[in-house]
Amino acid sequence: MQTKRTSIAISNVYKVILLLLLVGSNTFAKIKDNIIIDGYVENFATLDKTVYLDNSISVEYVDPFGETKRVTCKYDKQGKFKLSLHLLNPQDVIIQSGVGDYVLTLVAPNETLHMVVRYYKIDQASQHYPNIHYRTDFKDAFSGPNANRYSSFFGTYMKASGLGLLKPDPTIVAGDVGLLNIKLAQIPGIVKTQLGAADSITTEWLTNLIASEHILNLLALSQEKRVEIDYSKINYPKSTAQNSRFFSMVSYVDIPLSVENQFRRTAVIGNPNMVLTTDDIALLDKIFSGAALGADSVKAHGIQEQFKVNPKAIASSDSIYCVLANNYYTKNLPPVIADIKNGNLITEYHLTSFFNQVKPKIFEGISPQMQDYIIAEVLTENKLNKNITYTKSTEADVVKMLTKKFPGQNLYVDLWATWCGPCRAEFPYYPQVMEKYKDKVTFVFLCGASEENAYKAVLNNLNFKANHFFLSKEQYGNYKNAFGITGIPHYLFITKAGKITNNFKRPSAGNELYALIDTEIGK
């Protein structure tokens, strides 16, 4: 086993070296999508062109890093469309017509979904559409070998919910891994008995979903009651299927403080870019053991200065910590969970500095599929820094800068930071909002209190184009003070006439946001 582990690590180092050569020559190929959703609009040519009709269809899914992604395709002149995405395992996805009706279905890698989308005319007031418009009918929309699963999935899911299968077992108490494992072993039989007619992929997916509800419940209870549990003793589902609930599960798994302090100590003391004396190491031992006194913070000033003047020191310490944390998760969690956590760790710690002497080791313990995804979808893009455009200005008054830059335009202004999870959680909603208000509203993104390389990495992974501004510390402070901002994300709306509405609705607000924008622009 040790020999196999070592060979994997060596092969991964070679992978990264090869990647560097390929990036230098711009020949690295993007990972291929493995799910196709195609089809056409029925009787597209005969539909009344004077009546409003959605001009696009989208699919929303969760990528291997737990990020919500949305792929959109406009209908061509014949009403045809083709969407593609990449998944590692079966997953529930949302297919939506424009910003209106949608259908929930279950897809698996290496599948092609064929659809016939039907529209019918309706005369009814709606916040999304004019009074007279075409509305989507997704009934019997799927065809092909797996059409029955695509069509019946939501009904099967609702049946499982109605039977109470998705509710966590109330007899499982904090820390009781033994009883949890007994319940987990019973789930496949329960699913087969209650939902015997479901196809194998749906059954597999539901088994995982029900198991994750039980596990999440135990983890939440244990955290609430401060009861420590051994994660490695939980019999996680052995199925290769996964769903978005597994990403939530990972959020409950934290490194114990004592272990984390050991990792952080090693990340500093084992840093090849740090020069530490014997006294420095003794001081760090006191700090990370919790025995440091107030006077020790003054003595630690010299160590802190090394980080300030030497960016490589920061990158190397992050790299070492990342490797240690990665190995901890890999040891204590099953592969499907560990892969997700590793992916999150990699995106968390300075992607743009990934190619130093330590970071290649982080590939240890990650499945080949996840390795390919990381290399092709994340590392290459961040190394090339392609398609990144943003503005830096010295003007202290940010609003004045924006009104000069975009005269006579309605502005939706988003204040965010790279480290702000809730800020970035709103990004997947922007494509449909932008599509709805194209040529009517200009979308502006202000990033503050962030490290510029991390900012570039985030921009490079966005799936929409907008107007981006990187704020200085002074600009960020002035802007927050001007509008009494105490937390982010924060949103403003500035009309053509210069009227400013503070604390505007966020993109995920949907209809509430649309109603406010319509009011502001006088629709």
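Modeller: Start with the salt bridge: a side-chain nitrogen of Lys or Arg within 4 Å of a carboxyl oxygen of Asp or Glu. This is a predicted model, where local features need pLDDT of at least 70, side-chain atom pairs count only at pLDDT 80 or more, and totals for chains, interfaces and linings use all residues. Side-chain values use heavy atoms, with hydrogens and water left out, and residues are numbered from 1 along each chain as its sequence is written.

Colleague: What makes Glu 452 and Lys 392 a salt bridge?

Modeller: Their side chains meet at 3.2 Å, N to O. The cut-off is 4 Å, so the pair qualifies. Glu 452 lies in helix α16 (residues 452-460) and Lys 392 in the loop between α12 (368-384) and α13 (398-405), so the pair ties together parts 60 residues apart in sequence. Helices here are DSSP runs of H or I, at least four residues, and strands are runs of E, at least two, numbered from the N terminus.

Colleague: Why does Lys 392 count as exposed?

Modeller: Buried means under 20% relative accessible area, exposed over 50%, and partly exposed in between, with a 1.4 Å probe and protein chains only. Lys 392 has 53%, so it counts as exposed. Glu 452 has 23%, so it is partly exposed.

Colleague: How many salt bridges does the structure hold?

Modeller: The structure holds 15. One of them joins Arg 149 and Glu 111, with the closest N and O atoms 2.6 Å apart. Arg 149 lies in helix α2 and Glu 111 in strand β7 (residues 111-123), so this pair links parts 38 residues apart in sequence.

Colleague: Why are Arg 149 and Glu 111 called buried?

Modeller: Arg 149 has 5% relative accessibility, so it counts as buried. Glu 111 has 10%, so it is buried too. Salt bridges that share partners join Glu 111, Arg 149 and Asp 199 into one network.

Colleague: How do you know which strands β2 pairs with?

Modeller: Strands pair if DSSP finds at least two bridges between them. β2 has seven bridges to strand β3 (residues 68-74) and four to strand β5 (residues 91-97), so both pairs pass. Val 59 has Val 71 as its bridge partner in β3. Glu 60 stands opposite Ile 94 in β5.

Colleague: Why is β2 described as largely enclosed?

Modeller: Seven of the seven residues of strand β2 (residues 56-62) are buried, so the rest of the structure largely encloses it. Ser 56, Ser 58, Glu 60 and Val 62 point one way, while Ile 57, Val 59 and Tyr 61 point the other way.

Colleague: What about Asn 89, buried or exposed?

Modeller: Asn 89 has 13% relative accessibility, so it counts as buried. Its place is the loop between β4 (80-85) and β5.
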